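Please open the structure in your viewer and display the side chains.

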Amino acid sequence: MKNLNGFPVNRIVILTGAGVSAESGLATFRDSDGLWEKHDPMQIATPEAFARDPELVYRFYNARRRQLRDVVPNDAHRALAQLQAAFGADVFLITQNVDDLHERGGSKQVCHMHGELNSMLCRACCQAQAVSGDYDGRSRCPECGEQGTLRPDIVWFGEVPYHMETIFQRLRRCDLFVAIGTSGVVYPAAGFVQEALAAGARTVEINKEVSEVAGFFHEQRCGTATREVAALVAELLDN
């Protein structure tokens, strides 16, 4: 059995947000110099925006995918992978991020609730396909061969996040919930801490700034993800 500050820990659920990937050099959305400052989310991140101007949406996500190739995982990604390697299925990792830095950092299990940049979804056959290069409205689905049916495999505003049933099952069984680098303003993820509390879990927030749901956490650790995640993982491994 693990423990944290004297609290017994058997099952851990970890939620990561943009603050984890920001230290690798990926732009966040809500900072003053973030992606929303450069793009209106209603023009690039809704089904209606895609229907209205698909080429703009293709260009935006193609550019984000190219940016992803230029960054590498940081110490927070690697520390979480180390925790998973030590405790296996007892550590369930959920991310709001659509990058692949957790996987490249060594994590074997990552639940992408908002989809993945390196995946495209066919609206004709409903199959998700791995993608590495650019694609647009002229591209054909590798599975069914239809042209013009591919869209980013990203959960947009107004759409239901992926894997919600599994996520809530894990939250209801955990005894430690850790939120890292997330703003606490995007639901349903902002409500995960309340689910964990209802299960009797210890709750820890790691953030550069106190989030809007900070009052639901037993413990606040303010600082960079690379420093604070590594310290938390070290405590769990030592205990």
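**A tour of the aromatic rings**

Begin by selecting F177 and F217, both of which are buried; here buried means under 20% relative accessible area, exposed over 50% and partly exposed in between, with a 1.4 Å probe and protein chains only. The model is predicted, so local features need pLDDT of at least 70 and side-chain atom pairs count only at pLDDT 80 or more, while totals for chains, interfaces and linings use all residues. Residues are numbered from 1 along each chain as its sequence is written, and side-chain values use heavy atoms, with hydrogens and water left out.

Next, display the rings across the whole structure, where a search finds seven aromatic pairs. Rings of Phe, Tyr and Trp (its six-membered ring) pair if their centres lie within 6.5 Å; planes under 30 degrees apart count as stacked, over 60 as edge-to-face and the rest as tilted.

Now select Y58 and Y135, an edge-to-face pair with 5.7 Å centre to centre and 75° between the planes. Y58 belongs to helix α5 (residues 54–68) and Y135 to the loop between β7 (128–130) and β8 (150–154), so this pair ties together parts 77 residues apart in sequence. Helices (H or I, at least four residues) and strands (E, at least two) are DSSP runs, numbered from the N terminus. Y58 is buried at 3% relative accessible area, and Y135 is buried at 4% relative accessibility.
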